[in-house]
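Please keep the sequence and the 3D view open as you read.

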Amino acid sequence: MRYMIGYQRMRDDRLKEVILRNREFIHEIYFSWGDMPSGRGTMEKTGDSFPFEIQGAMLAELEEYSRAGIGMNLLLNGNCYGRMSQSRAFFEKIGETVEFLGGHLSLCSVTTTSPLIAKFIKQNFPELETRASVNMEIGTVQGMDYLAENFDGYYMKRELNRNLQKIRKLHTWCRKNGKKLYGLANSGCLNHCSAHVFHDNLVAHENEIREMDNAYDFRGMCHDYLKKEEKRIHFLRDTNFIRPEDVALYEPYFEALKLATRVNRNPAAVVEAYLTNHYKGNLPDLMEPDHAEAFYPDVIENSLLPPDFGLHTLNCAHNCDECSYCEEALSKARIRLDFN
């Protein structure tokens, strides 16, 4: 399997070393640019560094990856662009950004949530692959067909990671129609999250929100939800991650798998785990968001999950009210840390 790795500016070179050492398995590095909203935070001052200094250092790292033969994927996947969404100035800025980055990097593709951005890229930069963001939650043939004129590839809806029948159906359509199918391997998001769109909208407007006297902080409803033990016991059932050990089951269907590493606390360990198809450690640490704090002082030891976990969940009937497989698997994998 080949992987898309999310760029994160690190204080050491561990992530870079892992990527460069395994460059033949790295499909792309994906990244956001400047102040353009994306599925994660936008650039801001860090310590004594200002955005233009951070951007310069970031460009230098991305150029190093490009020289190593790794493709680049630009994220224009903000969930909302407000009043700029259809403006001429907005698309002029996108065009200038793509031209600039294309002159410095091996830019191969653009991931977006906006059909209009995809159309603009198709019309003006036809050499770039346009890819529908996982945040669009596309999970049907109809959903892909509606956008087929402007998108070359699609990230599949997270919740389908454990539904082999539907994965096969989407893959078959993509193959017949000259499209590419991608998946997200290590999301920690809860399935069918009813606050997901709201949260993505907050992220898209975070620069404006940061300037306000805010009455509430919103980190995602999942954090409060998982504070309750009666909810935590369903964690495996309610998530959609693909374990490193189970990646081979998906290889026939996906062009590549995306690893969420842009805000993970140890992205080098995440990449290493998926490249080696093995991980011994606390399972939530592989995910984004990780939810490790919800279980502390317990950890979920990945190696203690059943060997057939991936195969079973990929082919299960999803009759969760009548099945306790995930709850029993979690119970056996939970370990209480002892500091005495």
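Predicted model: local features only at pLDDT ≥ 70, side-chain atom pairs only at ≥ 80, totals over all residues.

Residues are numbered from 1 along each chain as its sequence is written, and side-chain values use heavy atoms, with hydrogens and water left out.

**Helix α1 with helix α2**
- Helix α1 (residues 14-21) packs against helix α2 (residues 51-67) at about 20 degrees, with axes 10 Å apart; axes are lines fitted to C-alpha atoms, for helices over the stretch in contact, and angles run from 0 to 180 degrees between N-to-C directions.
- Helices (H or I, at least four residues) and strands (E, at least two) are DSSP runs, numbered from the N terminus.
- The crossing of α1 and α2 is right-handed, meaning that the near helix is turned clockwise from the far one by less than a right angle, with anticlockwise being left-handed.
- L15, K16, I19 and L20 of α1 touch E61, E64 and Y65 of α2, where contact means heavy atoms within 4.5 Å.
- This contact has 4 nonpolar, no polar and 3 charged residues (Ala, Val, Leu, Ile, Met, Phe, Trp, Tyr, Cys and Pro are nonpolar, Asp, Glu, Lys and Arg charged, and the others, Gly among them, polar).

**Helix α1 with helix α12**
- α1 also packs with α12, at about 25 degrees and with axes 8 Å apart, and that makes the two roughly parallel.
- Here the crossing is left-handed.
- R14, L15, V18 and R21 of α1 meet P267, A268, V271, E272 and L275 of α12.

**Nonpolar cores**
- The largest nonpolar core has 88 residues, and I29, F31, I94 and L236 have the most contacts inside it; such a core is a set of buried Ala, Val, Leu, Ile, Met, Phe, Trp, Tyr and Cys residues joined through side-chain atoms within 4.5 Å.
- Helix α12 (residues 267-276) gives this core its largest share, 6 residues.
- Apart from it lies another core of 9 residues, including Y30 and Y182.
- Beyond its neighbours within four places in sequence, I29 contacts residues including I5, Y7, L62 and Y65.

**A loop residue**
- D308 lies in the loop between β9 (298-300) and α14 (309-315).
- D308 counts as partly exposed because its relative accessibility is 36%; buried means under 20% relative accessible area, exposed over 50%, and partly exposed in between (1.4 Å probe, protein chains only).

Technical notes:
Parallel < 35°, antiparallel > 145°, perpendicular 65-115°, else oblique.
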